[in-house]
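Please open the structure in your viewer and keep the sequence beside it. The tour below goes from one selection to the next and says what is there each time.

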Amino acid sequence: MMARMRCLLLLGLFLRVAVCSVSNTTQCDKDEFKHEHLCCQYCSAGTYLINPCQKNHGTSECAPCDSKHFIDHKNREPECFPCSVCRDDQEEVATCSSTTDRKCQCKQGTYCDSENCLEKCHTCSSCPDSKVIRKCNATTDTVCDTFDSKPVLSGHPHFCFPESLNNVVITAAVITVIAAVIAVIAAVITVIRKIICHYRKKDKGAQNSVTGVNSGEKIQLCK
Ligand SMILES: *[C@@H]1O[C@H](CO)[C@@H](O)[C@H](O)[C@H]1NC(C)=O
C-alpha cells in the first residue's frame with residue numbers, strides 16, 4: 001500500500017516537472033516569441049529586432065527604426081517598414097514617425113471612396129448650395145438633393161408635368177430631324193435633276209442643230 005502511494009507521488013512529481021519544463025519552453029507569454037528553446041520579449045513599436053534574447057524571458061536586442069521607416073506594433077521584424085508617400089493629388093494629414101505611418105488623403109475638392117485609394121482622386125460633384133445634403137470630403141462625394149426639384153417645379157403650372165414636357169421635346173426633335181432629312185433629299189434631287197437636264201439640254205441642242213427637230217416633252221421637265 002505504502003509503496004504504491006509512494007509510486008503515485010513520484011509519478012505525480014515527475015509529471016509536474018515534465019509539464020513545467022515543457023511549458024517553460026513551449027508556452028511563451030503574449031509579449032514574447034519563441035526562439036529556439038527560449039521565450040524572448042518582442043521589440044517594442046518603433047524598433048526592430050537585431051538579436052533575440054540569450055536567456056529565457058529575457059529582453060531581445062532591438063534598434064530604433066531608420067528614418068522614414070516605422071513599425072506600429074510589438075514585433076520581431078528584421079527591419080522596419082518604409083512610410084507611405086503621398087501622391088501628387090493627395091496631401092499629408094499625419095506625418096511619418098517611427099511608430100506611425102504617414103497618412104495621405106485627397107486634396108480639397110477631390111475625393112476617393114475606395115478602400116486604399118489606389119486610383120486617382122475624383123473631382124467632387126457639384127450642385128447648387130441649396131441642394132447640398134452632404135458636403136464632399138476626402139472620402140465621400142457630394143450628396144445632392146435630387147428630389148428637391150419637384151416642389152420647385154410644381155409652383156409653376158407650365159412646368160408641372162416634366163414627363164409630358166419631355167415628350168414634347170422629343171417629338172419636336174424627331175420632327176426636326178425628319179424635316180432636315182427631307183430637305184437634304186430634296187436638295188440632292190434638285191441638284192441631280194439640274195445636272196441631268198444640263199447634259200440633256202446640251203445633247204438635244206446638238207441633235208436639234210443637226211436634225212432641226214424640236215426636242216418635245218422631256219425637255220419641258222427640265223425647264
Ligand atoms: C467624410 O464624411 C463621411 C460621412 O459624413 C464620414 O464618415 C467620413 O469620416 C468623412 N471623412 C473624412 C476624411 O473626414
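Select Cys-83 and Cys-96, which are joined by a disulfide with an S to S distance of 2.0 Å (a disulfide being a pair of cysteine sulfur atoms within 2.5 Å). The torsion about their S-S bond is about 70 degrees, so this disulfide is right-handed. Cys-83 sits in the loop between E6 and E7 and Cys-96 in the loop between E7 and E8, so the bond ties together parts that are 13 residues apart in sequence. Here helices (H or I, at least four residues) and strands (E, at least two) are DSSP runs, numbered from the N terminus. Cys-83 is buried, with a relative accessible area of 9%, while Cys-96, at 22%, counts as partly exposed; buried means under 20% relative accessible area, exposed over 50%, and partly exposed in between, with a 1.4 Å probe and protein chains only.

This is a predicted model, in which local features need pLDDT of at least 70 and side-chain atom pairs count only at pLDDT 80 or more, whereas totals for chains, interfaces and linings use all residues. Residues are numbered from 1 along each chain as its sequence is written, and side-chain values use heavy atoms, with hydrogens and water left out.

Next, select Cys-40 and Cys-53, where another disulfide has an S to S distance of 1.9 Å. Its torsion is about -80 degrees, so this disulfide is left-handed. Cys-40 lies in strand E2 (residues 38-41) and Cys-53 in the loop between strand E3 (47-51) and strand E4 (61-64), so the pair ties together parts 13 residues apart in sequence. Both Cys-40 and Cys-53 are buried. A search of the whole structure finds 10 disulfides.

Now turn to charged side chains, and select Glu-92 and Arg-102, which form a salt bridge whose closest N and O atoms are 2.7 Å apart (a side-chain nitrogen of Lys or Arg within 4 Å of a carboxyl oxygen of Asp or Glu). The pair links distant parts of the chain, with Glu-92 in strand E7 (residues 90-94) and Arg-102 in the loop between E7 and strand E8 (103-106), 10 residues apart. Glu-92 is partly exposed at 41% relative accessible area, and Arg-102 is partly exposed at 21%.

Then select Lys-74 and Asp-31, whose side chains meet in a salt bridge (2.8 Å, N to O). Lys-74 is in the loop between strand E5 (69-70) and strand E6 (81-82), and Asp-31 is in the loop between helix H1 (2-26) and strand E1 (32-35), 43 residues away.
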